[in-house]
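Please read them beside the sequence and the coordinates.

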Amino acid sequence: VSNNGFTLGNLAHESGHQWGLLHAGSWDCGANLVGPSLIDGTAGGCSISRYGDIYDPMGGSTRHYSSFFKQLLGLIPASQIAIANTTGIYTLDQLETSSAGIKQLRIPLGLPGYFYFVEYRNGTGFDSGVNGVLVRLHVGLPSFSIGDDDSYLINRIFNPGLPFYDPYRDVRVEVLSKNSQQAQVRVTLPN
């Protein structure tokens with residue numbers, strides 16, 4: 001596959017486009033993790049990168065597609081997506097292998113089409129070296145996209161003791177525990 005500069009990553013990326021997937025970017029806001037605006041991704045000194053999701057082929061990696069893209073491809077049914085409308089504890093099954101449990105947790109952000117989505121990866125197969133909870137922002141329209149990105153990775157892997165916190169929308173995702181099959185997370189939403 002790597003003849004003439006065409007790699008496994010290129011194959012997964014271009015196949016994703018043929019199946020209707022858009023790009024997977026990243027949103028880098030430094031120590032704040034996220035910015036003050038869901039519409040203007042560069043507000044607050046943040047930057048966005050069109051191919052910046054290093055954990056998704058639509059961003060340029062050779063890892064598994066994100067849970068959102070797997071859902072669009074029909075690999076994750078709606079029954080395996082939970083929506084966190086209230087503060088609570090949720091159990092996520094690992095993304096990489098087949099199971100009947102929750103593969104994606106969505107946290108609505110109040111704007112149509114905007115939500116955080118949370119998934120657990122434990123380093124299986126193509127995800128070797130990725131062990132923890134990933135948080136991404138799915139953008140609706142109008143979006144702060146610089147192109148045709150569908151989602152933006154928050155550039156950190158979250159594990160027990162290292163929570164995700166969005167101070168602008170007062171959303172917190174804390175990994176309580178994890179094992180080879182599941183991660184338990186607490187989502188805290190504003191009152």
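The points below go from the whole chain to single residues.

1. Please keep in mind throughout that this is a predicted model. Its chain holds 2 helices and 11 strands, and from the N terminus on these elements follow one another as α-β-β-α-β-β-β-β-β-β-β-β-β. The radius of gyration is 16 Å, close to the 16 Å that the globule rule gives for 191 residues, so the chain is as compact as a globular protein of that length. Along its principal axes, the C-alpha trace spans about 55 × 35 × 30 Å.

2. On burial and contacts, 50% of the 191 residues are buried, and of the contacts between residues at least 6 apart in sequence, 57% join residues at least 24 apart. The accessible surface comes to about 8,500 Å², and carbon and sulfur atoms account for 53% of that area. As for charge, the chain carries 12 positive and 15 negative side chains, with the centres of the two sets lying 6 Å apart.

3. Helix H1, which covers residues 8-18, has Gly9, Ala12, His13, Ser15 and Gly16 as its buried residues. These residues lie on the same side of H1, because they cover an arc of only 165° around the axis. Strand E1 (23-28) is included in what covers them. In general, an α-helix has 3.6 residues a turn, so residues three or four places apart point the same way. After H1 comes Gly20, whose phi is positive, near 95°.

4. Although Leu137 and Leu38 are 99 residues apart in sequence, their C-alpha atoms are 9.0 Å apart in space.

5. Most residues other than glycine have a negative phi. Leu33, however, is not a glycine and has a positive phi of about 70°; Leu33 sits in the loop between E1 and strand E2 (47-49), where its relative accessible area of 8% falls under the 20% cut-off and therefore counts as buried.

6. Asp170 is found in the loop that runs between strand E9 (164-166) and strand E10 (171-178).

Technical notes: Residues numbered from 1 in each chain as written. Predicted model: local features only at pLDDT ≥ 70, side-chain atom pairs only at ≥ 80, totals over all residues. Heavy atoms only, no water. Helix = DSSP H or I, 4+ residues; strand = E, 2+ residues; numbered from the N terminus. Rg over C-alpha atoms; globule rule 2.2 N^0.38 Å. Buried < 20%, exposed > 50% of the residue type's maximum accessible area, 1.4 Å probe, protein only. Contact = heavy atoms within 4.5 Å. Areas by Shrake-Rupley, 256 points an atom, 1.4 Å probe, with all protein chains shown as cover. Lys, Arg positive; Asp, Glu negative; His and termini not counted. Charge placed at Lys NZ, Arg CZ, Asp CG, Glu CD. Arc of directions from axis to C-beta.
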